[in-house]
Amino acid sequence: MTITNALLDAYIDDQLNEQEINRIEKALRDSPELQKRLETIIKDRDQGEHSVGAIWRREHLSCPNREELSSYGCSALDKKRMDYIKFHLEMIGCKACQANLDDLTSLNASGKEKKLSDKQKLFIKNSKIIASRKE
Amino acid sequence: MPNQEEQLLIGRIKEGNGDSWEQLITRYENRLYYYAAKRVNNQETCEDLVQETFLAFLSNIKTFNPDKKIQNYLFGIIKNKVVDFIRRKKAVTINSAPADSSGNPNDSVFIDSAQGASTWYRGEEKKTLENEALLNGLSLLINHYISKNEYNKLMAIELIFVLGLSNLETAGKLGIKNTEVASIFHWAKNFIHDYLQNSGLSSDIFPQFYEKDLLL
């Protein structure tokens, strides 16, 4: 499969699955030309250039909302929408939607909010103090 | 667009309301945890990354754009945290391990994207107007496909734009003809082109949409 600039762009955004990441990193190790292309893309992004893919990913333009993901988990959407969400989760590999679905599944399984660890409770307590000092 | 409730929550946190801050953590921490857990196989590290994400959000809350969704912003922060963590971890592993079977040190692929603050601000300034226009155009395109139930077209465009696949690869993934993908892409490109032109944007901003046959 060709390594396009758009694919490198998705690699920078951590959009790809582990297999694709490994393939690109191997190709980068073997190809100074590809390293140069990656470097140029990063430099362009740092200087304010942007790709359509980067905007699409950053703004989550085609991500279903939580309610829809919940319905997807219960197979309660029409077939076309179900197929699309499956495509978005699996073929596009949207990690944000996968995380939301995992969260919803865990909530449904436990029937309540996840129990907080001592570490999490301490963090909430301390960060609340910081938040209260904001003004 | 964020809903009114989210905007009120952010407003209260900006005023220093600790309970609202706790509410925000409770609402988003699990989904952020699961996001980190997709790439990091250690519960404690994932929890640390989530906490760092919240602290980064809190320290920048005064400049948070209320037109943005909180979730998108938080996922953006944790994505960077996870990528940084993985790259640091790989670098440590590499420093203490011999070269791989091909003799190449594995860390040669990681390129530092750090930048000076002034460059970043210039970039942000330039990006805002262009991003908004392209964002609106893409949103209209996606909504068009959804309202027409043309999910096959949305899938093709998403594979091309988001994963950077070629027309041929997209056709292979979706089990459709290459010419069909080319036609879908051509239509989408013209849709965005017309939107940008009607928005009065200069043609040098997104050349891929002005040079109509460049990507086909």
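Predicted model: local features only at pLDDT ≥ 70, side-chain atom pairs only at ≥ 80, totals over all residues.

From α8(A), the contact takes K119(A), Q120(A), F123(A), S127(A), I130(A) and A131(A); from α3(B), it takes E47(B), Q51(B), F54(B), L55(B) and L58(B). Two residues are in contact if their C-beta atoms, placed from the backbone, lie within 7 Å. An α-helix has 3.6 residues a turn, so residues three or four places apart point the same way. Sorted by class, this contact of α8(A) with α3(B) has 6 nonpolar, 3 polar and 2 charged residues. Nonpolar covers Ala, Val, Leu, Ile, Met, Phe, Trp, Tyr, Cys and Pro; charged covers Asp, Glu, Lys and Arg; the others, Gly among them, are polar.

As for conventions, residues are numbered from 1 along each chain as its sequence is written, with chains lettered from A and ligands numbered from 1 in the order in which they are written. Local features need pLDDT of at least 70, side-chain atom pairs count only at pLDDT 80 or more, and totals for chains, interfaces and linings use all residues.

The whole contact between the chains takes 57 residues from chain A and 54 residues from chain B. On chain B, α1 (4–14), α2 (18–37), α3 (43–59), α4 (70–95), α5 (117–147), α6 and α7 (167–174) each supply at least two residues of the side that touches chain A. The largest share of that side, 11 residues, belongs to α5(B). By class, the side of chain B that touches chain A has 23 nonpolar, 18 polar and 13 charged residues. The predictor's ipTM and pTM for the complex are 0.80 and 0.80.

Chain B itself has 9 helices and 0 strands, where helices (H or I, at least four residues) and strands (E, at least two) are DSSP runs, numbered from the N terminus. Of its 216 residues, 27% are buried. A residue is buried if 20 or more other C-beta atoms lie within 10 Å of its own, exposed if 12 or fewer, and partly exposed in between, with C-beta atoms placed from the backbone. F191(B), in helix α8 (residues 178–198) of chain B, counts as partly exposed because 17 C-beta neighbours lie inside 10 Å.

Confidence in chain B is given as pLDDT, the predictor's confidence in each residue, from 0 to 100. The chain mean is 80, and 75% of the residues reach 70 or more. Helix α6 (residues 151–161) of chain B has the highest mean, 96, and helix α9 (residues 207–210) of chain B the lowest, 61. Over residues 96–122 of chain B, pLDDT stays under 50, and the model has 28 contacts beyond four places in sequence for this stretch.
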